[in-house]
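Hi,

Here is the structure I promised to pass on. My notes follow below it.

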Amino acid sequence: MTMTRRTFATILAAGATASLLSTRASAAIAAPPKARNVVLVHGLFADGSCWSEVIPRLQAAGLNVTAVQNPLTTLPEAVASAERVLARQDGPTVLVGHSFSGMIVTEAGVHPNVSALVYVAARAPDAGEDYTALAKTFPTPPASAGIVFDGDEGRLSEEAFLRDFAGDLPAAKAKVLYAVQEPFHKELLAGKTTNAAWRSKPSYYAVSTEDRTINPDLERFMAKRMGAKTIEVKASHLALISHPEEIAALILEAAGQSA
């Protein structure tokens with residue numbers, strides 16, 4: 001025989017690995033089933049009202065939309081709040097996360113009701129990955145220096161909020177958002193995901209090219225790693241407010257609808 005048993009086994013192993021990678025990529029980019037529901041999750045320095053520009057655009061398309069009020073206490077509690085909302089949905093549901101809540105989308109996205117995932121300038125860790133360590137492999141964004149703590153509760157200073165978080169919004173609107181920002185608990189940042197839903201669910205990512213809260217190159221890295229359908233929006237971290245048309249269109253695509 002010209003092919004040894006060891007060579008044949010090596011070829012089989014390589015083929016299995018290639019098949020696994022191909023399957024993973026296919027799951028990320030496959031067309032999702034048509035969804036009737038959208039669940040939106042907010043991140044740090046915000047509350048559910050940050051989706052107020054996106055929600056009416058999705059409702060106008062006939063979708064049932066719910067914005068989760070993320071408690072920002074611990075990752076398990078934040079995930080549980082999203083899972084309770086997901087459990088109430090009737091049929092396929094697009095799960096959308098902004099900023100920190102990409103952690104929640106990544107963990108809770110394995111829920112059977114979830115048909116697709118959308119990340120908006122969001123964290124997208126792998127299962128068990130130390131996101132903080134991953135982020136440190138890219139230049140630190142300016143907003144990090146603006147986090148202030150009162151005991152165990154953290155928030156952004158007004159200067160950092162207006163300049164580094166909501167930099168492309170009118171000052172008056174950004175100040176309203178600053179006034180309603182929800183403090184987060186230090187323990188929240190220590191959480192790690194145990195699932196990586198983007199490995200098995202169709203995924204979409206909106207990169208904010210002018211982001212000063214998450215490094216845009218880190219966003220691009222995470223989007224590419226998950227094989228997500230990716231768009232780039234010339235926006236601050238709050239693209240969901242400054243560019244709601246583009247964000248809503250991406251969500252509609254994930255729901256199997258055209259914008």
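Which residues have the most contacts inside the largest nonpolar core? They are Leu 58, Val 94 and Ile 251, in a core of 78 residues. By nonpolar core I mean a set of buried Ala, Val, Leu, Ile, Met, Phe, Trp, Tyr and Cys residues joined through side-chain atoms within 4.5 Å. Buried stands for under 20% relative accessible area (1.4 Å probe, protein chains only).

Before the rest, some housekeeping: this is a predicted model, where local features need pLDDT of at least 70, side-chain atom pairs count only at pLDDT 80 or more, and totals for chains, interfaces and linings use all residues. Residues are numbered from 1 along each chain as its sequence is written, and side-chain values use heavy atoms, with hydrogens and water left out.

Leaving aside residues up to four places away in sequence, Leu 58 touches Val 38, Leu 40, Leu 63, Val 65, Ala 248, Ile 251 and Leu 252 (contact means heavy atoms within 4.5 Å). Of the 259 residues in the chain, 50% are buried.

The chain has 10 helices and 9 strands, taken as DSSP runs (H or I, at least four residues; E, at least two) and numbered from the N terminus. In helix H6 (residues 158-165), the buried residues are Ala 160, Phe 161, Asp 164 and Phe 165. Seen down the axis of H6, these fall within an arc of 110 degrees, so they line one face of the helix; the arc is that of the directions from the helix axis to the C-beta atoms. They pack against strand E3 (93-98), strand E6 (153-156) and helix H7 (171-179).

Best wishes
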